[in-house]
Amino acid sequence: MNYDARLLRADIRAGITSAAVVLPLALAFGVVSGLGPVAGLWGAVAVGFLAAVVGGTRVQISAATAPVAIAVSFILVRYADSAVEALAIIFIAGIIQIVLGLLRLGNLVQYTPYSVASGFISGVGIMVVLLQVLPFFGTDPVLGNPLDSIREWPDAARDMDFHAFGLAVTTFVIFAGWPKRWRNYVPAAAGALVCGIVLGAWIFDGAPRLTEVVDAPEFWAMEMPAGGFWGAVGAAMIIALIGTLNSLLNASASDSMTGYQHDPDRELIGVGLGNALAGMFGGLPGAAAPDATQTNIRAGAQTRVAGAVSAVVSLVLIIVLGGLVDDIPYSVLAGILLWMGFRLIDWRLITHLNKVQREHVLVMLLTLGFTVFVDLLVAIAAGLIAAALAASRRFERLELDSVLSVPMLDAVFFADSDRVDISQFDAFSARVGMVKMRGSFTVASSNRLRIAISKDIQEHEVVILDFSETSYIDDSAALVMEQLIDAAMEHDTECIVIGLDGLPATSLQALDVLRRVPGDHFVQSFDDARAIAARLLEINMET
């Protein structure tokens, strides 16, 4: 691409527009994280700039996001006794993301099932909503656990600050109802923030300010948590994996809007560098910001220059307007966050649960429940395990449908009008059985495969195992084949193998599964198998 003045103008315009989305959300998510609004702003600059310049996407905007902010608040509650200890964990999380990128593990995220991603993001949205109820009433927020927030609701409702409540509701309504035709000029988040600040100064002037709600000291140092280095690494894995999932899933979504193909490993390195820098200088870690990215694309962004411009504009605004941050009413951010929380919930899937396959619904609800009430990382792990089990059940049915186990009547199997006298056969005798394995066979079907065909094999004097249409066998299915062959041998049933080659042969030979099958019983054609079966059954093929 020849970068010219036209592309530069488009990138600058898009960068300025996306910065107007980044700043309100950075303030809001900085407060949600427990590190404060200033941390959210500096994190948006560090992660936004390095992810844009070094990362693997052309037009994606990285900044503070709800999943990462919730993860940091969880870290502050569970693993860190202070903000400076949390910064050490954030720094390590950035290093972990860089290592994941260098190990080229970014592509693994694309295998995350939609039901898991939906349940996780919806769970985060519900957490954001539940945690913002207290600020709506004018009460100090609770970090991390929404159950702790829910316990405080009755007292908060009795002692409601009507200035805070009125301002939060008004900001929520402004954000939700911001006219679409205005969004090309002023993004909804920026419009809601400005309107909320103005209303907080003129009408709802009694609403608590950020300085009265959130401590936001300057952080320029890191301290190792009391749990030591390895305890910090375990905590950092939560931020790293959640940020990775957040960034790469959004990168795939932005690819569908732009037609570009992102580099997941490079994106992890860029975001990791940004998060490490954020940890060094007191910033909130970040990931791909969906709203800012969509705004950037719609504003006409063409290259990664737009993301860099967005970060630089954010830095300039922080320097110019930084002194005003402490006087922003927290209720304004609560109204913005409540709407963002509702938007994170996957209403499309939730409203169609009765039409979605049952196993997908269970996976989604399990992930959502663990996200809200247990642990973010445990939620992802539990969701992936549940999704894998559900997929195994589907694969089991598909794989078993690909197995053909049939008896071969002697009078048909050995019939040859030129050479064989079929009168020598009993019309109902079927001494040979055929097991044809088509497609792939994995742990999903291995046990049912053994149950389904073991009795068929034992009923014959000779069994032909046809692998000519088999594409893959994993170690579990290979060991089941060994059990089937052993069962056949114990019942004096001879085994003949047809067409074993490629990956199936590698899997079976690696575990020495076919050691009991004589070498001359391996053939490549059906006719050769018939000749061996005739010899084993002492049938005269030359009559």
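Mentor: Residues 24 or more positions apart account for 83% of the contacts in the chain with a separation of 6 or more. Please keep in mind throughout that this is a predicted model.

Trainee: How confident is the predictor, on average, in the residues of the chain?
Mentor: The average pLDDT of the chain is 85, and 92% of the residues score at least 70. Over residues 212-217, however, the pLDDT is below 50, although in the model this stretch has 11 contacts beyond near neighbours in sequence.

Trainee: What secondary structure does the chain contain?
Mentor: The chain holds 23 helices and nine strands.

Trainee: Why is the chain called more spread out than a compact globule?
Mentor: The globule rule gives 24 Å for 543 residues, whereas the radius of gyration of the chain is 32 Å, which is well over that value, so the chain is described as more spread out than a compact globule. Along its principal axes, the C-alpha trace spans about 110 × 60 × 50 Å.

Trainee: Why is Asn250 called buried?
Mentor: The word buried applies under 20% relative accessible area, and Asn250 has a relative accessible area of 10%, so Asn250 is buried. Asn250 lies in helix 11, which covers residues 228-258, and, leaving aside neighbours within four places in sequence, Asn250 is in contact with Gln60, Ala288, Ala289, Pro290 and Thr293.

Trainee: What makes Arg104 count as exposed?
Mentor: A residue is exposed over 50%, and the relative accessibility of Arg104 is 59%, so Arg104 counts as exposed. Arg104 is found in the loop between helix 4 (83-102) and helix 5 (114-131).

Trainee: What is the phi of Arg104, and what is the phi of Asp492?
Mentor: Phi of Arg104 is near 60°, a positive value in a residue other than glycine, and Asp492 has a positive phi of about 60° although it is not a glycine. Most residues other than glycine have a negative phi.

Notes
Residues are numbered from 1 along each chain as its sequence is written. This is a predicted model: local features need pLDDT of at least 70, side-chain atom pairs count only at pLDDT 80 or more; totals for chains, interfaces and linings use all residues. Side-chain values use heavy atoms; hydrogens and water are left out. Helices (H or I, at least four residues) and strands (E, at least two) are DSSP runs, numbered from the N terminus. The radius of gyration is taken over C-alpha atoms; the globule rule is 2.2 Å times the number of residues to the power 0.38. Contact means heavy atoms within 4.5 Å. pLDDT is the predictor's confidence in each residue, from 0 to 100. Buried means under 20% relative accessible area, exposed over 50%, partly exposed in between (1.4 Å probe, protein chains only).
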